[in-house]
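Hi,

Here is the structure I promised to pass on. My notes follow below it.

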Amino acid sequence: MAKRIDIRTAEELMKIGTDGEYPSDGIYTLKADIKIDAPWTPLPNAAGIEIYGEGCWIGPLDAPLFESITSGVIQHVRVEVSIDGRESGKPVGGIAREGVRMDMDACEVYGSITGVSLVGGFFGSMTDSDVWGLHNYANISATSGIVGGILGLGRGNRFRDCWNHGVISALGINGDTKGFAGGIVGIETPALRSHEAEPREPFIEFCFNR
């Protein structure tokens with residue numbers, strides 16, 4: 001049975017996936033706003049993690065919260081970010097660079113995120129996931145590539161009641177390199193699951209770009 005742990009401080013948050021008492025497949029509940037006072041190193045790749053924010057804040061972050069998350073559940077988390085990922089060139093998002101088989105509900109991102117390509121408010125790229133009620137308030141930009149309010153590149157994802165409130169840009173610094181931009185997702189395509197003969201078709205319902 002997965003371990004259930006309450007998180008109240010940045011020091012406790014930083015232990016996830018790096019301390020044996022804070023496993024990357026644990027169940028975590030935020031019991032207070034988490035103020036980040038130092039440069040952030042993304043938490044290691046997590047599989048099977050569950051995070052329940054109860055409306056609490058994490059931030060400000062200058063890097064994604066996680067490197068990647070697989071089969072994760074995240075609910076009611078609010079993240080403040082100021083991320084410039086152009087130097088690394090990696091995918092970038094407020095929650096993680098990449099998400100696979102995510103189940104997310106009622107989360108928010110504020111601030112700004114800049115990268116080269118695969119840039120989104122929550123994830124740089126995401127596959128085979130179901131997300132509801134995500135709100136991006138951050139300004140999101142890619143200097144040459146794919147960018148979206150919720151995520152940059154998607155495969156087989158299903159979005160419902162998601163909103164983008166931020167400015168989205170897929171132009172280079174001088175405006176001479178064009179990319180793909182979307183209020184919710186830059187590019188979304190079907191995804192073929194290994195255990196299914198037919199690809200998982202994505203859909204976007206009741207979503208808005210403001």
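Is Tyr 137 buried, partly exposed or exposed? Tyr 137 is partly exposed, with a relative accessible area of 31% (buried means under 20%, exposed over 50%, partly exposed in between, with a 1.4 Å probe and protein chains only).

Before the rest, some ground rules: this is a predicted model, where local features need pLDDT of at least 70, side-chain atom pairs count only at pLDDT 80 or more, and totals for chains, interfaces and linings use all residues. Residues are numbered from 1 along each chain as its sequence is written, and side-chain values use heavy atoms, leaving out hydrogens and water.

Back to the rings. Searching the whole structure turns up three aromatic pairs (rings of Phe, Tyr and Trp, the last by its six-membered ring, with centres within 6.5 Å; planes under 30 degrees apart are stacked, over 60 edge-to-face, the rest tilted). Tyr 110 and Tyr 137 make a stacked one, at 4.5 Å centre to centre and 0° between the planes. Tyr 110 sits in strand 12 (residues 108-115) and Tyr 137 in the loop between strand 16 (135-136) and strand 17 (139-142), so the pair ties together parts 27 residues apart in sequence. Strands here are DSSP runs of E, at least two residues, numbered from the N terminus. Tyr 110 is also partly exposed, at 23% relative accessibility. Ring pairs link Trp 57 with Tyr 110 and Tyr 137 in a cluster.

Then there's an open sheet of eight strands, ordered 1-2-5-8-11-15-20-25 with parallel pairing (two strands pair if DSSP finds at least two bridges between them). Its edges are strand 1 (4-7) and strand 25 (203-205). Inside the sheet, Tyr 28 stands opposite Ile 51 in strand 5.

Cheers

Note on methods
Helices (H or I, at least four residues) and strands (E, at least two) are DSSP runs, numbered from the N terminus.
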